[in-house]
2 protein chains.
Amino acid sequence: MKTLKISEAVVRRLPVYLRHLKELKQSEVLTISSQDLGQKLDLNPAQIRKDLAYFGDFGRKGIGYDVSYLIEQIRHILKLDQQINVALVGAGKLGQALCNYSGFLNDNMKIVAVFDAFPAKIETAIRDLQVQPMEDLKESVEANNIRIGIITVPALEAQQVADRFVEAGVEAILNFAPVILKVPAHVRVHTADFSTDLFSLAYYLPNEGKDVVTNDTTIDHT
Amino acid sequence: MKTLKISEAVVRRLPVYLRHLKELKQSEVLTISSQDLGQKLDLNPAQIRKDLAYFGDFGRKGIGYDVSYLIEQIRHILKLDQQINVALVGAGKLGQALCNYSGFLNDNMKIVAVFDAFPAKIETAIRDLQVQPMEDLKESVEANNIRIGIITVPALEAQQVADRFVEAGVEAILNFAPVILKVPAHVRVHTADFSTDLFSLAYYLPNEGKDVVTNDTTIDHT
DNA sequence: TAGATTGTTAATCGATTAACAATC
DNA sequence: TAGATTGTTAATCGATTAACAATC
């Protein structure tokens with residue numbers, strides 16, 4: 001085990017490893033090499049070995065990695081071996097989609113409360129969750145040991161909601177609104193902004209052949 | 001203007017610049033410095049200047065960047081000065097959320113067709129769009145000059161849908177399903193996988209004080 | 001002119017990849 | 001033993017940041 005800075009790039013690959021390992025387990029694959037894993041995930045095998053080696057010696061020379069064992073280890077690294085409660089604010093379509101997402105099911109990550117500022121939403125339920133008014137946020141966060149907040153409200157309201165989350169004592173925020181949130185340093189924010197993904201995709205569209213051929217860009221295919 | 005490789009990191013910041021510049025324009029700000037922009041976006045001013053300088057000399061020494069002009073330029077770089085038609089497969093909650101997203105409105109990026117494999121969905125409409133059966137995909141892509149495909153179906157179906165998109169002649173794919181898609185090199189894929197965002201967020205949660213203090217990680221706050 | 005700010009070079013920092021001894 | 005594959009070091013590659021001359 002090394003005592004080193006772990007870069008965000010490394011951490012963001014761990015869930016990808018985990019997901020694929022779970023698929024392998026389902027297929028009753030017992031062991032996997034960095035070679036094969038790299039192939040499946042379009043990653044360099046050396047990178048995979050290095051990523052994992054930051055956290056421990058999980059593999060066996062000549063053999064590879066034991067699938068079940070590695071799953072356990074990664075879940076531990078990601079803190080998914082304890083239940084992590086999540087609250088979501090914004091009961092629109094996106095919020096509903098996230099609440100119904102089943103990918104967390106075996107991972108102790110659970111959306112346990114949903115809030116909305118719009119009174120008409122309060123009547124409704126998503127999954128098994130009654131939508132609650134914003135006034136209940138702080139109390140609920142405290143009562144239910146909620147550590148992560150998800151924001152799925154329009155851009156203009158996102159900062160306010162973030163402030164409420166911070167005040168309620170949430171430790172991390174996943175923000176789907178297209179704004180840069182300002183929060184204290186002890187609260188970590190990840191922004192999942194699909195319009196960034198989509199717009200940057202447009203950049204890579206081949207130029208339509210009509211005009212001059214431009215070559216001021218090298219497409220970096222990743 | 002330089003003839004250089006433009007990294008993906010640079011390209012992914014352009015939409016962020018664009019978005020904020022549009023807000024500035026709305027507030028009738030005429031000019032902005034890399035300094036101020038960096039402050040708002042949590043980015044290093046030198047990085048912003050360098051990013052923009054890849055594409056042209058957009059600023060004025062001593063003054064900064066003309067907001068309207070820079071908006072125009074970035075929209076051009078991202079190819080958003082031409083209409084880009086998009087198709088979406090998967091008319092679930094997430095698909096509906098994306099279709100109703102209004103952030104594209106001034107950007108010529110438009111979802112013009114929605115498909116679903118599930119017959120019951122075909123009856124329904126999202127926004128002004130009748131959901132169509134998968135059989136119509138290829139014809140519609142060709143007829144409507146659709147260049148980008150969005151995938152919002154469950155993981156197990158995503159690769160199939162990607163294959164259909166590729167076959168239909170789509171040039172780029174935005175994939176929301178938690179799988180690594182295999183597509184030919186000429187088709188660019190961006191994956192927007194929020195469970196990766198969420199799981200990696202868990203990693204950064206402070207350890208609850210109960211046990212030993214661990215220091216095998218330096219939190220890289222970004 | 002003095003102050004501000006760009007575009008760009010050079011320095012730094014960090015991440016990826018190749019290579020290989022260790023070893024199952 | 002021979003073949004496979006790890007963990008790790010060294011080499012490479014790339015991205016960020018600092019610094020500053022040019023100039024508005």
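Modeller: Let me begin with a definition: helices and strands are DSSP runs, of at least four and at least two residues respectively, numbered from the N terminus. Please also keep in mind that this is a predicted model. By that definition, Gly90(A) belongs to the loop between strand S4 (84-89) and H5 of chain A.

Biologist: How many helices and strands does chain A have?

Modeller: Chain A has nine helices and eleven strands. Its C-alpha atoms fill a box of roughly 60 × 55 × 35 Å along the principal axes. Of its 222 residues, 49% are buried. Among contacts in chain A with a separation of 6 or more, 56% join residues 24 or more positions apart.

Biologist: Why is Gly90(A) called buried?

Modeller: Buried means under 20% relative accessible area. Gly90(A) has 5% relative accessibility, and therefore counts as buried. Beyond its neighbours within four places in sequence, Gly90(A) is in contact with Gly95(A), Phe115(A), Asp116(A), Thr152(A) and Val153(A).

Biologist: What makes Lys93(A) partly exposed?

Modeller: The class lies between the buried limit of 20% and the exposed limit of 50%. Lys93(A) has 33% relative accessibility, so it counts as partly exposed. Lys93(A) lies in helix H5 of chain A. Not counting residues up to four places away in sequence, Lys93(A) touches Lys93(B), Gln96(B), Ala97(B) and Asn100(B).

Biologist: Which residues does UniProt place under "binding site"?

Modeller: The unreviewed UniProt entry places that feature at Gly90(A), Ala91(A), Gly92(A), Lys93(A), Leu94(A) and Gly95(A). The UniProt record also places "domain: CoA-binding" (unreviewed entry) at residues 79-180 of chain A. Over residues 79-180 the chain is 32% helix and 30% strand, with end C-alpha atoms 26 Å apart. A further UniProt annotation, "DNA-binding region" (unreviewed entry), covers residues 16-55 of chain A. Over residues 16-55 the chain is 70% helix and 5% strand, and the end C-alpha atoms are 16 Å apart. Such annotations may be inferred rather than shown by experiment.

Biologist: What makes up the lining of the second largest pocket?

Modeller: The second largest pocket holds about 1,400 Å³ of space. It is lined by 49 residues, and the closest to its centre are Tyr101(A), Ser102(A), Pro154(B), Ala155(B) and Pro178(B). From chain A, helix H1 (8-26), helix H4 (67-77) and helix H5 (93-100) each give two or more residues to this lining, as do helix H5 (93-100), helix H8 (155-168) and helix H9 (194-203) of chain B. H1(A) supplies the largest share, seven residues. By class, the lining has 25 nonpolar, twelve polar and twelve charged residues.

Biologist: What is the phi of Arg127(A), and what is that of Asn145(A)?

Modeller: Arg127(A) has a phi near 55 degrees, a positive value in a residue other than glycine. Asn145(A), also not a glycine, has a positive phi of about 50 degrees. Arg127(A) lies in the loop between strand S6 (125-126) and strand S7 (129-133) of chain A, and Asn145(A) in the loop between helix H7 (137-143) and strand S8 (146-151) of chain A.

How values were computed: Residues numbered from 1 in each chain as written. Chains lettered and ligands numbered in written order. Predicted model: local features only at pLDDT ≥ 70, side-chain atom pairs only at ≥ 80, totals over all residues. Heavy atoms only, no water. 1 Å grid on protein atoms, 1.4 Å probe; cavity = no way out; pocket = protein on both sides within 12 Å on 5 of 7 lines; lining within 4 Å. Points joined across faces, edges and corners; volume = space filled by probe spheres on them. Nonpolar A, V, L, I, M, F, W, Y, C, P; charged D, E, K, R; others polar. Buried < 20%, exposed > 50% of the residue type's maximum accessible area, 1.4 Å probe, protein only. Contact = heavy atoms within 4.5 Å.
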